[in-house]
Each structure stands twice: as C-alpha cells, then as structure tokens.
Amino acid sequence: MKLWRGGRLATLAGERGWGLVDDGALLVDGGRLLWVGPSAELPAQAAGAEVVELGGALVTPGLVDCHTHLVYGGNRADEFERRLHGESYADIAKAGGGIRSTVAATRAASEAELLAAARKRALALVHEGVTTLEVKSGYGLELATEARMLRVARRLAELGVDVRTTCLAAHALPPEFSAADDYIDAVCAWLPQLQAEGLVDAVDAFCEHIAFSPAQVARVFDTARRLGLPVKLHAEQLSDQGGAALAASCGALSCDHLEYLSPAGVHAMAQAGTVAVLLPGAFYALKETRLPPVAALREAGVPIAIATDHNPGSSPTLSPLLMLNMACVLFGLTPEEALRGMTVNGARALGLSDRGQLVAGQRADFCIWDGGHPRELAACFGHNPLIERVSQGVQGGP
Ligand code: DI6
Ligand code: FE
C-alpha cells in the first residue's frame, strides 16, 4: 500500500467542478485508488503505508489521449510548405499526397522501424502526463500493414501507458483499388482477422468527400457490430456528410473533429450518449475557420473530449498540454472543460469508466504537477510542469 499526501488534488469528481481538495491524500493499493480525501481524514488502513510527500504539488487524473495516429513511416513537412503556399489539405490529398503519401512510407517501413519512431512519439506524450493512449491504424490500407501498425501500437504499452488500438482501415482508398465499394468489402473481410489476432479494441472510419460515404461507413459499422466491436467516426471534419448522426444511430463511442456538425448531428449524439472529441491541433494546422458547435454541444449535454490527433499531416503535435490551451483559446472551452476533456471524457470516448477522476475504485493513474491550480495547465503553453506521472500506482509507470 502506498500513500501520497500533502498535495492539492483536482479530483474532477462528479459531473462538474474541479473537485479541489487542499492538503489532499491518495491511498493506493493493487494499482487502484483505495481512498482519496483530505490528509487530515485519513482512514485507519493508511497506517503502515509507504508515504510519498507531495509538498503542496498539484495532482490531477492521468491524461487520456483518446485519438492519435501515432504509428507511421516518414513525415509530411513538405505538405506543410505546400499549404503555406496556398494549396489546401483536400487539394493535396486529391493530387495523391496526404494520407496516401504516408501509406507509401508506412508500407515500406519494417516493424522495428515503425516501433522505433512510434516509441519516441509516445514517450513525448508520456512525458507530458499521458497514462492512456489510443492509437489508430489506417496508413497500411492492406491487411499485413494494418496488422503491423496495430502490433506496434500494442507494444507501446512497454512504456507504462495503457494502449487502446483502433482499426481505421477505412481511412482512404489505397492505390490498388479504383472502386471505394470494393475496398470497403476488403476492409469488412479484414476486421474479423485482425480481431482474431487480438489487435482491435474499436473500429473507426473517415466519413468525408475525400474518403468514404455514410453508406460505405455503415457497411463497416455493420461488420463491427456483428463482431461486437465498438465504433467511432472521423465525422464532419471538412464538410457535413451526416456522418455523426449515422455513427450515433449505431451507438458510437465518439464522433471526432466535428467542425461542420449540424444541429441534427448534435441532437443524435446527445440521444446516443456519444462523446464529441474535438481536435484543436488539426483545426489550427489546417487554418480551419469553421468552429465546432461547442455551445450547442454543451447545451445538449454531449460530453466533450480533447485529444492530440497526432498524425503527420493535419496535426503533427506531441503536446497534450498545448491542446488544452488551444481548446480554450480556439474553441472557447473553459480550462475545466478542457481538462475533463483529456481525462474523464477522453476515457469515456474509449468506453472506459475506470479512470479519469481521482475517486476511490478508479485506476491509480495520476499526474503530479508543479503548480497551484489546475487552470494553470491550460493557461500556459510551450511549458511542461509535470513532476511525475503515476500509472497503476507505479511512479514513472510500470
Ligand atoms: N483526419 C485527420 O485529421 C487525420 N485523419 C483523418 O481522417 C489526418 C490523417 C493524415 O492527414 O495523415
Ligand atoms: Fe484523426
């Protein structure tokens, strides 16, 4: 048993508020929080626990980055320059660049090469406090490379971060297919094979005019449902395709991006309890001007999550803390909404209810920060105040 005491806890307990506990303590046993509260009210069972003094430091739940494309070959800094000269993300994609250029580099990379590159990226996230990390496939677009990406993603758990893998084979049309419907047939045939290898926690797709139609996405989701796999969707990023309403009608865990989400989409997500994952890094990097409908999401009671969307094209960031700041400055979230978005609501977007708040019974995943108030995490940018990350009760992670 281990006891952390004398810290300022931002527990995020309940539906709103920081849940601040000044001079708070966390009692941990077996990787779980056994008790959380004021140091002065410690239960008798804390006697004999190994003690860590927090010295007044700030403690929050561990960060959950619920949307990343962390495993890939190459980089796309050339496209950054092209966009600076006026080409759009969609134009570059249509001209054979974009996702397809990363597909070529990923197919050419060995498993060891992919792992070495992904490890460095994951370490950057971990060093800013990430304790749960979602990683998508989607740069293979052929069975062997999709499987290789997902295997590499799973191996990132060696870094002491809990990894969830999502199959995003329906990300773009690979060059060897000319008809999107034929490719969707192939994706539906791969899903049971990838699942049988134990590589898939959820299924995602890109619903967009440069990717797949709602009808094609519906076929992928139908296969996922038959396999008992939860679904999520890249929806309404560049245009309103009605993808969010479709995903919500399938009980999706989350719809992600959502700049072009319609009122009908908001309503459908609220009805289904689907999480809205907002991705300020992609909004910023693509110089998007259309904002996600934050006020409508709030009013409808749709939970909002924030993630890095780390990928080599539209969001090459490795800073979850910067995303907290951007969620506030660009999208108008409050610092509390932003932190909830990268903790409890990020977990919810992955179907996980055992983390994201500092309350008894949850996983002992937390971050110790050099700071006095949790709003400081969102107010600063380009600065990392992390002192220590605890994953399942282990300092630095297991
Ligand atoms: N939307 C995104 O922002 C990422 N995927 C997607 O469907 C970007 C992927 C890329 O540009 O490589
Ligand atoms: Fe994405």
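Let's start with Arg76: an N or O atom in its side chain sits 2.7 Å from an oxygen atom of ligand 1. Keep in mind that this is a predicted model. An N or O atom in the side chain of His171 is 2.8 Å from a nitrogen atom of ligand 1, and for Gln237 a polar side-chain atom lies 2.9 Å from a nitrogen atom of the ligand. How much of ligand 1 does the protein cover? On its own, ligand 1 has 320 Å² of accessible area, and the protein covers 100% of that.

Here are those contacts side by side.

| Side chain | Ligand 1 atom | Distance |
|---|---|---|
| Arg76 | oxygen | 2.7 Å |
| His171 | nitrogen | 2.8 Å |
| Gln237 | nitrogen | 2.9 Å |

Now for the rest of the ligand's surroundings. Ligand 1 has 14 residues around it, and the closest are Arg76, Tyr89, Tyr139, His171 and Ser314. So Arg76 turns up again here, and so does His171, because a residue is counted as near when one of its heavy atoms lies within 4 Å. What classes of residue make up this shell? Eight are polar, four are nonpolar and two are charged. As for the space that ligand 1 takes up, that is the largest cavity.

The largest pocket has a volume of about 600 Å³. Its lining is made up of 29 residues, and Arg83, Tyr284, Ala285, Leu286 and Lys287 are the closest to its centre. Which helix gives the most to this lining? That's H1, with five residues. Helix H1 (77-84) is joined by helix H2 (89-94), helix H10 (280-285) and helix H12 (320-329), each of them supplying at least two residues. Sorted by class, the lining of the largest pocket has 15 nonpolar residues, eight polar ones and six charged ones.

Then there's the second largest pocket, which holds about 510 Å³ of space. It is lined by 21 residues, and the closest to its centre are Glu15, Arg16, Pro303, Arg340 and Asn345. Here the helices that each supply at least two lining residues are helix H11 (294-300), helix H13 (335-341) and helix H14 (344-349). How do the residues of this lining divide by class? Eight are charged, seven are polar and six are nonpolar.

Terms used: Residues are numbered from 1 along each chain as its sequence is written. Chains are lettered from A and ligands numbered from 1 in the order in which they are written. This is a predicted model: local features need pLDDT of at least 70, side-chain atom pairs count only at pLDDT 80 or more; totals for chains, interfaces and linings use all residues. Side-chain values use heavy atoms; hydrogens and water are left out. A polar contact is a pair of N or O atoms within 3.5 Å; within protein, one must be able to donate a hydrogen and the other to accept it, and residues adjacent in sequence count only if both atoms are side-chain atoms. Accessible areas come from the Shrake-Rupley method with a 1.4 Å probe; for residues, only the protein chains shown count as cover. On a 1 Å grid over the protein atoms alone, a cavity is a set of points where a 1.4 Å probe fits but cannot get out, and a pocket is an open set with protein on both sides within 12 Å along at least five of seven lines; lining residues have an atom within 4 Å of a point. A molecule sits in a cavity or pocket if more than half of its atoms lie within 2 Å of its grid points. Ala, Val, Leu, Ile, Met, Phe, Trp, Tyr, Cys and Pro count as nonpolar, Asp, Glu, Lys and Arg as charged, and the others, Gly among them, as polar. Grid points are joined across faces, edges and corners, and a volume is the space filled by probe spheres set on the points. Helices (H or I, at least four residues) and strands (E, at least two) are DSSP runs, numbered from the N terminus.
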